[in-house]
Structures are given as structure tokens and as C-alpha cells.
Amino acid sequence: MKSLGRDLPKFKALGAEVFGISYDEPGTQHKFALHCAANFPFLSDAGGKVAEQYRTAGGFGPLRFAQRRTFIVDAKGIVRFVHDGMPDNAKLLADVEAIAAPKR
């Protein structure tokens, strides 16, 4: 998350919005954001509706967690790229640039 925050200006220069989503309540997310120096917003999916829609819901019994997955969505709301695990910023930036570049 720290590297994502450090590269935030590069994402913004391409017109991208960066945010995180987790099952955590806003207070827990705030503490996590401070710990990771994440300077982008976090959204609470306490009920798990977003995780279900994006097929990232996981866990067993009372233990719930979302799989770490990064989605790159274009301006029309279409998911163009999906990355599992910890994202590589260079790859993410290349993917964002690919959908942000005007088609010739």
C-alpha cells in the first residue's frame, strides 16, 4: 500500500482514481491507512456486497476476508484488467496508460 500511495501522482496524471475496499469498518481502515501511509480513500464493505459482486469474498465460518485483487476499470465502468495478489505498480500504470491513451 505504501508504494501505491507513493505512485499516486502518476496514477492521477493518467486520470485514474485509486481507492481500497475491505470488510473493515471505517475506524479500522483509518488506522490501517495511517499505518501504511496510504494517502488515498478506503471504502468499507462491511456487509460484503462488493466482495460478492467482484468475486473476491473468502473465508470460512465466522472468519471472513476478501482476496487481494486489483481491478482497473475504464471510464465507462468496464473492468479491463484484474490483478491477483499484491499489485506491481509498474504493471498497473502500464495498464492504466493503455486504457487512458487515445485510440488511433
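The model I am reading is predicted.

**Entry: Ala-46**

I started with Ala-46, in the loop between β2 and α4. Its relative accessible area is 31%, so I log Ala-46 as partly exposed. Tyr-23 sits 23 residues away along the chain, yet the C-alpha atoms of Ala-46 and Tyr-23 are separated by 4.4 Å.

**Entry: overall layout**

I counted the secondary structure next. The protein has five helices and six strands. I read their order along the sequence as α-α-β-α-β-α-β-β-β-β-α. I noted burial too: 29% of the 104 residues count as buried. For contacts with a separation of 6 or more, I find that 35% join residues 24 or more positions apart.

**Entry: helix α3**

Which residues of α3 are buried? I list Gln-29, Ala-33 and Cys-36. Seen down the helix axis, these buried residues fall within an arc of 75°, so they line one face of α3. I recalled the helix geometry here. An α-helix has 3.6 residues a turn, so residues three or four places apart point the same way.

What does the buried face pack against? I find α1, β1 and β2 as the packing partners of the buried residues of α3. On the other side of the helix, I find Lys-31, Leu-34 and His-35 exposed.

**Entry: Gln-29**

Is Gln-29 buried or exposed? Its relative accessible area is 4%, under the 20% cut-off, so Gln-29 is buried. I checked its side chain for a polar partner. The side chain of Ser-22 makes a polar contact with the side chain of Gln-29, at 3.0 Å. I also listed its contacts, leaving aside neighbours within four places in sequence. They are Ser-22, Asp-24, Phe-42, Leu-43 and Ser-44.

**Entry: positive phi**

I looked up backbone angles after that. α3 is followed by Ala-37, with a positive phi near 55°. Ala-37 is a residue other than glycine. I place Ala-37 in the loop between α3 and β2. Its relative accessibility is 52%, so I count Ala-37 as exposed.

Arg-55 also went into the notebook. Phi of Arg-55 is near 55°, a positive value in a residue other than glycine. I place Arg-55 in the loop between α4 and β3. At 70% relative accessibility, Arg-55 counts as exposed.

**Entry: the largest pocket**

Rolling a probe the size of a water molecule over the atoms shows where empty space is left. The largest pocket has a volume of about 1400 Å³. How many residues line the largest pocket? I count 47 in the lining, with Phe-19, Gly-20, Arg-69, Thr-70 and Phe-71 lying nearest the centre.

I traced the lining back to its elements. Those that give two or more residues to the lining are α1, β1, α3, α4, β4, β5 and α5. I note α3 again in that list. By residue class, I divide the lining of the largest pocket into 27 nonpolar, 10 polar and 10 charged residues.

Notes: Residues numbered from 1 in each chain as written. Predicted model: local features only at pLDDT ≥ 70, side-chain atom pairs only at ≥ 80, totals over all residues. Heavy atoms only, no water. 1 Å grid on protein atoms, 1.4 Å probe; cavity = no way out; pocket = protein on both sides within 12 Å on 5 of 7 lines; lining within 4 Å. Points joined across faces, edges and corners; volume = space filled by probe spheres on them. Helix = DSSP H or I, 4+ residues; strand = E, 2+ residues; numbered from the N terminus. Nonpolar A, V, L, I, M, F, W, Y, C, P; charged D, E, K, R; others polar. Buried < 20%, exposed > 50% of the residue type's maximum accessible area, 1.4 Å probe, protein only. Polar contact = N/O pair within 3.5 Å; in protein donor to acceptor, adjacent residues only side chain to side chain. Contact = heavy atoms within 4.5 Å. Arc of directions from axis to C-beta.
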